[in-house]
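Reader: Please take me through this model one feature at a time. I would like the general idea where there is one, and then the case at hand.

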Amino acid sequence: MWRKLRSLAAWGPRRLCTAPGATIFALSSGHGRCGVAVIRTSGPSSLKALQSLTAPRALPRPRRASLRLLSDPRSGAPLDRALVLWFPGPRSFTGEDCAEFHVHGGPAVVNGVLEALGGVPGLRPAEAGEFTRRAFAHGKLSLPEVEGLADLIHAETEAQRRQALRQLDGELGQLSRGWAETLTKALAHVEAYIDFAEDDNLEEGVLEQADREVQALELALGMHLQDARRGQRLRSGAHVVVAGPPNAGKSSLVNLLSQKPVSIVSSEPGTTRDVLETPVDLAGFPALLSDTAGLREGVGPVEQEGVRRAWERLEQADLVLAVLDVTDLAAPTSRDFLDAVVAPLACREPKGSSPHLLLVLNKCDLLPSEGPCPRPGPYPYLLLSCLTGAGLDGLLEALKKDLAVLCGNPSTGPPLLTRARHRHHLQHCLDALGHYRQAGDLALAAEALRIARRHLTQLTGGGGSEEILDVIFRDFCVGK
Amino acid sequence: MFPLRGRGLWVAATLSRQHLPSARLSGDSAAPRSPHFDVVVVGGGHAGTEAAAAAARCGSRTLLLTHRVDTIGQMSCNPSFGGIGKGHLMREVDALDGLCSRICDQSGVHYKVLNRRKGPAVWGLRAQIDRKLYKQNMQKEILNTPLLTVQEGAVEDLILSEPEPGHTGKCRVSGVVLVDGSTVHAESVILTTGTFLRGMVVIGLEMHPAGRLGDQPSVGLAQTLEKLGFVVGRLKTGTPPRIAKESIDFSILNKQTPDNPSVPFSFLNETVWIKPEDQLPCHLTHTNPRVDAIILENLHLNSHVKETTKGPRYCPSIESKVLRFPNRVHQVWLEPEGMDSDLIYPQGLSVTLPAELQEKMITCIRGLEKAKMMQPGYGVQYDYLDPRQITPSLETRLVQRLFFAGQINGTTGYEEAAAQGVIAGVNASLRINCKPPFIVSRTEGYIGVLIDDLTTLGASEPYRMFTSRAEFRLSLRPDNADSRLTFRGYKEAGCVSQQRYDRAAWMKSSLEEGIAVLKSIECSSTKWKKLVPQASISTSRSVSVRALDVLKYEEVDMELLAKAVPDPLKKYTECRELAERLKIEASYESILLYQLQEIKEVQRDEALQLPEDLDYLGIKDVSLSHEVREKLHLSRPQTIGAASRVPGVTPAAIVNLLKFVKMVHRRQAVENGSSPDDPHLTDTGKFQEL
């Protein structure tokens, strides 16, 4: 009829791991800055979580602390060097399979790990008191322990409530409430169509209206989640890619900015053949700095691969530091680079999604002290000498300006989604809205909306079928 | 038809003789002493008949007390059964071997499945029913049920005695007092008084005491219940006028024809008693501004609409439709009342205007210009008891062994009443035999949703079932009610016959086998495309596809699939129901896996029992806010799961309750000298996966 079954396979089990019976994770030490933070998971997917964050290293022996490099399984970005522990059930805190990550306590690291865990299929953030409930359910807590934990959970619930209130007061709260309202209404109309359309006369176009609302919501959520990457960058660092023709001094710049010898520097073109990454603090903002191979028609297969990777990295960049040899601007490699990389980035839309660009002309110490400076075309540029450090202050100032925009200013910008929880629920809400479109029958479509609404009301509160009935009876003349 | 009725009190069940000599009724030579039954059911409506039959099926000697035997099985309002949500309830009643589905399969005059295009989870089995036939068939069933006796009489009071130790409740019911002063003793009593508790019938400004037009209300019983301390509320409902069939011009109206073939309500029936071509049509007409005008001009003559007695948020009467959704055209379905009935029931025209204005209003409607009103519509106001005063077994907390079912609990609808009737009947019987109560969880059935909603949230308007109330709608389908409930009904309640059990067991094993076979057949998508060209199988990725996945496509059914792979699939198409159910299981396979996880979580919480006699306002061992205490005190949840659904109960409160549960179990374990392991955390295993 109105929905063609495209493929029910979209509902395949691998996408369905967000049920409450799934594996939960949470920061189980205090919030805020502290020396070491403990992040805990509980449930059948704990093993998978541990493996994917510590890959490719082997699983640690049960109940033995082991040092591992944690990295985000999706991006491969390193998160922290941490102590990890593996507690196969039932000999664990909750009685289920548990994993513990003892990480350095900075908020960036903690959020990074929480977010990485949120991306592991089958994992979701724990609700207040959920660890205790599970421990209790498996007979793991003695009475005095429950006593103490009940107070803790009370505090946790309160803190979560206060936090939710703070968030709900802000722009995000308004947005979320608006979304939840739209979704509740759309669901109510679909439910009304299921429960009443055959007997009572609902107005024409009830379903079409719901379809439109869901579509608009999908768009709004999608845009918001993209926008919310600004919050993410504040934690894992904006992605700054240094690129340019061979021998322009890219590696020198990377070493200068990170204040340590990250890359090997030589006068030989094509020294850097792979992408080298280093997390740095740039003008007060965390950033992930990538050194790339000089862009030219490669000589050997290894360098060609390096060039391919450099292009790939440019695609992912938030900010491109384009480096040219100021004394060599007329060279074909320089001209090609200006045409292929700088030109498209420089004429980007002011609010577009393409990365920011800073054009740096290196080796200004080699310029003759007199005479006009050679220009790289119509683009704004900065002069720098990695050798003498001349121009570094100006570059840092420019970086600061761009990074501040990229990372969002918490005091003026839209509220940042700093909690893995928010992202998790919004993302799953969005996924479920996608299922709505693909559902094979109306009962399945309504189920997708129910799941989407459940995720959203995790953020806003409310939910439940009575609210739906309220809307149905308010909007439609039904009953007999 | 009931020769005994006029002469005396007893209409004995004839078939019961070989099981139970009706000695107590007639043969006993002892002095006239008060008769004694295991279960006494007060009321012969849809809750009462199901309750009495269920108690008798469970092996209890049961007495059904009713004002008049000839009103047993009366359909007092609409001439139809089932619908969306309601049809789900009927399938579950049938899965527990209840009566109404089977009786409907023998009495319908127009069978139609609603929501055919919206997915099998929300199919709504419905039928227009011949009132006379239904009543006849129901009375035949009731009067031939072993162990069940029927007596005419109005119950005026309850006989109460000292409470049993070890149970909550301030006293225990041990029988009933009839209006003539005679008594009947009983181990359990079920009240299914419908709208009869202080019932008032309203037409226009006239109001007179009656449970139904022409029947006396129960006033004494209402007073007794109030005196016992039950919280009483008042609800209202209504029914439309009846119109003479030959006075309607059907030729200008939209005609709705029944389904062909008819889908029966009962799992035991392959087909219904009547051929589709012999069934009666329904017709559709609409209101118009002239109808609105008559209603709006005469509101001052309509006390039912003005009264503050709580009506529902939805629109039960044409007055509420016109008042809340003005300037709109409203549907009126003209439904037959029976094969040889000359009455038509105008569904959607429930009205309480003075009779002459009702007739005037009717004749404004297209097709009804010359309509003759045979009986006016009227409103009924009646007492109900806050259902938070009963447990999920439907036993009252105040009075031991007293059960309530049907409209007395604030519900509306035949199906809602029947569902509660079965549960009350089963539990009244189990209670006597000191067996654990039979409780259907929300995860297992609409019956569970209904009773859980009533007992934890109460009813502020007549409670009607909608599929939107069920969280696990995709699992609680009309097709699989037997897999969900029949086995439990057989093993735990004893209310299910061997024949039904065997059939459900055969179906379950065939389904399991069928699904396993469908999973085992794997081909490349390209090969499937060749085998089943009708299906829009994507061949873009060369992956191996199971037959079960092919069956998921809308355009594929078992018939088609069996043509492509006759061996071994052919045999699964021989039973139409099996083939259809395999298709449904395939369509919902993935989402059901997901729902199963959630269901398990809910069931884990429901396995955690809270002590029945917990004094939430008084207990000191639990730290709970005053607000939470009040809420828990009102709802008295029986499990942690139910407690977590009470609005305003926080996660911290739940953890504190958990702690309390653990402490209680510890204490009990120490007292019994057994190991203090948690006995309450094993998987209940109640949910049948198919």
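Author: We can start with a pair of helices in chain B: α2(B) and α3(B) are roughly perpendicular to each other. The model is a predicted one.

Reader: At what angle do helix α2 and helix α3 of chain B pack?

Author: Two packed helices are described by the angle between their axes and the distance between the axes. Here helix α2 (residues 86-95) and helix α3 (residues 100-107) of chain B pack at about 110°, and their axes are 7 Å apart. An angle of 65 to 115 degrees counts as roughly perpendicular, which is why that word applies to α2(B) and α3(B).

Reader: Which residues of α2(B) and α3(B) meet?

Author: From α2(B) come Met90(B), Arg91(B), Val93(B) and Asp94(B), and from α3(B) come Cys100(B), Ser101(B), Arg102(B) and Cys104(B).

Reader: Now the nonpolar cores. How many residues has the largest nonpolar core?

Author: In soluble globular proteins, nonpolar side chains tend to be buried together. In this model the largest nonpolar core has 167 residues, and those with the most contacts inside it are Ile472(A), Val40(B), Val176(B) and Leu402(B). Another core lies apart from it and has 31 residues, including Trp528(B), Ile537(B), Tyr553(B) and Ala562(B).

Reader: What does Leu402(B) touch, not counting residues up to four places away in sequence?

Author: With those set aside, Leu402(B) touches Leu158(B), Val173(B), Val189(B), Leu191(B), Leu225(B), Phe230(B), Leu394(B), Glu395(B) and Thr396(B).

Reader: Is Asp38(B) buried or exposed?

Author: Buried means under 20% relative accessible area, so Asp38(B), at 15%, counts as buried. Asp38(B) sits in strand β2 (residues 36-42) of chain B. A polar atom of the Asp38(B) side chain lies 2.8 Å from the backbone nitrogen of Arg61(B). Neighbours within four places in sequence aside, the contacts of Asp38(B) include Gly59(B), Ser60(B), Ala186(B), Glu187(B) and Ile432(B).

Reader: Where in chain B does Glu444(B) lie?

Author: Glu444(B) is in the loop between α10 (414-432) and α11 (446-457) of chain B. Its relative accessible area is 0%, so Glu444(B) is buried. A polar atom of the Glu444(B) side chain lies 2.8 Å from the backbone nitrogen of Ser441(B).

Reader: Turning to chain A, into which domains is chain A divided?

Author: The assignment gives domain 1 (23-137), domain 2 (166-227 + 417-473) and domain 3 (233-407). The centres of domain 1 and domain 2 of chain A, taken over C-alpha atoms, are separated by 31 Å. The secondary structure of chain A comes to 14 helices and twelve strands, and buried residues make up 53% of its 480 residues.

Reader: How many of the eight residues of helix α3 of chain A are buried?

Author: Six of the eight residues of helix α3 (residues 130-137) of chain A are buried, so this helix is largely enclosed by the rest of the structure. The buried residues are Glu130(A), Phe131(A), Thr132(A), Arg134(A), Ala135(A) and Phe136(A). Just after α3(A), Gly139(A) takes a positive phi of about 65°.

Reader: Which backbone oxygen does the side chain of Thr54(A) reach?

Author: An α-helix has 3.6 residues a turn, so residues three or four places apart point the same way. Thr54(A) lies in helix α1 (residues 46-54) of chain A, and its side chain reaches the backbone oxygen of Leu50(A) at 2.7 Å. At 1% relative accessibility, Thr54(A) counts as buried. Not counting residues up to four places away in sequence, Thr54(A) touches Arg68(A), Leu69(A), Leu70(A) and Val84(A).

How values were computed:
Residues numbered from 1 in each chain as written. Chains lettered and ligands numbered in written order. Predicted model: local features only at pLDDT ≥ 70, side-chain atom pairs only at ≥ 80, totals over all residues. Heavy atoms only, no water. Domains from an automatic or database assignment. Core = buried A, V, L, I, M, F, W, Y, C linked by side-chain atoms within 4.5 Å. Buried < 20%, exposed > 50% of the residue type's maximum accessible area, 1.4 Å probe, protein only. Contact = heavy atoms within 4.5 Å. Helix = DSSP H or I, 4+ residues; strand = E, 2+ residues; numbered from the N terminus. Polar contact = N/O pair within 3.5 Å; in protein donor to acceptor, adjacent residues only side chain to side chain. Axes fitted to C-alpha atoms, helices over the stretch in contact; angles between N-to-C directions. Parallel < 35°, antiparallel > 145°, perpendicular 65-115°, else oblique.
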